[in-house]
Amino acid sequence: MVPSTAITRMVLGETVTNTDEEKAIPVPQTCRTMEKTSPLTRIGDLTVRVWQGSDNENYNCRHILKDHTAEVADASGSEGYTSAAFHPDGLILGTGTSEALVKIWDVKSQANVARFDGHVGAVTAISFSENGYFLATAAHDGVKLWDLRKLRNFRTFTPYDSNTATNSVEFDHSGSYLAIAGSDIRVYQVANVKSEWNCIKTFPDLSGTGKATCVKFGPDAKYLAVGSMDRNLRIFGLPGDDGPIES
């Protein structure tokens, strides 16, 4: 298992200090999180790097995941990883690529153990369910749900038209809900492989841009935090609460 520290984070365009080599390493753009897990970065050379943080906020590269079956023709090109998330047990890492592939990695052995295709466009976001059974992936063509026990796609959502990408997908921590963000925000009731996953709530994109870029659940799914292209963060609460809070 990848070791965790008291406070680690993913970094966004920041500089990470590698204390082993005593030099600063610029980190490319990824997402930001404050969860107690090892941060990871995606790089244009078709690798994913897992970093371990320390109390003084320095980071050491502990794992480099390489796809040896891919041809690295030009590290400065557009190919590479576009999203990543850890499985709840911390032993599995899921990544999405600009080539519409989803790859599953064994972090300890650093081996690519499975891959899923079928999306159109870059995989913009991925999320594991809390019980670890399901993986949700988002791309231009919508959201696909994968059964990790049988390694197959069992449901596809196409909430928007062909000109609107799905930018974010997120399971809540209880495993009860799944949120999708694009031109609006939709919340689905999590079910099983055979049952329908019903849309139980739709929130409008209040930014006026028609593009919600990310979505996260609060504790116990009591609220949704939604980021949009207007650079505002909006908090949507439970039914009966006051309107969304902007930040």
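Ala221 has a relative accessibility of 17% and is therefore classed as buried, where buried denotes under 20% relative accessible area, exposed over 50% and partly exposed in between (1.4 Å probe, protein chains only). The model is predicted, so that local features need pLDDT of at least 70 and side-chain atom pairs count only at pLDDT 80 or more, whereas totals for chains, interfaces and linings use all residues. Residues are numbered from 1 along each chain as its sequence is written, and side-chain values use heavy atoms, with hydrogens and water left out.

Ala221 is located in the loop between strands E18 (212-217) and E19 (224-228); helices (H or I, at least four residues) and strands (E, at least two) are DSSP runs numbered from the N terminus. The phi of Ala221 is positive, near 55°, in a residue other than glycine. Arg231, likewise not a glycine, has a positive phi of about 70°. Arg231 occupies the loop between E19 and strand E20 (233-236) and, at 81% relative accessibility, counts as exposed.

An open sheet of 4 strands shows antiparallel pairing in the order E6-E7-E8-E9, two strands being paired if DSSP finds at least two bridges between them. Strands E6 (81-86) and E9 form the edges, each with a single partner strand, so one side of each lacks a neighbour in the sheet. Strand E7 (residues 92-97) pairs with E8 in the antiparallel sense over 5 bridges, and Thr95 stands opposite Lys103 in E8.

Val107 lies in the loop between E8 (102-106) and E9 (111-116) and is buried at 1% relative accessibility. Val107 and Ile64 are 43 residues apart in sequence, with a C-alpha to C-alpha separation of 9.1 Å.
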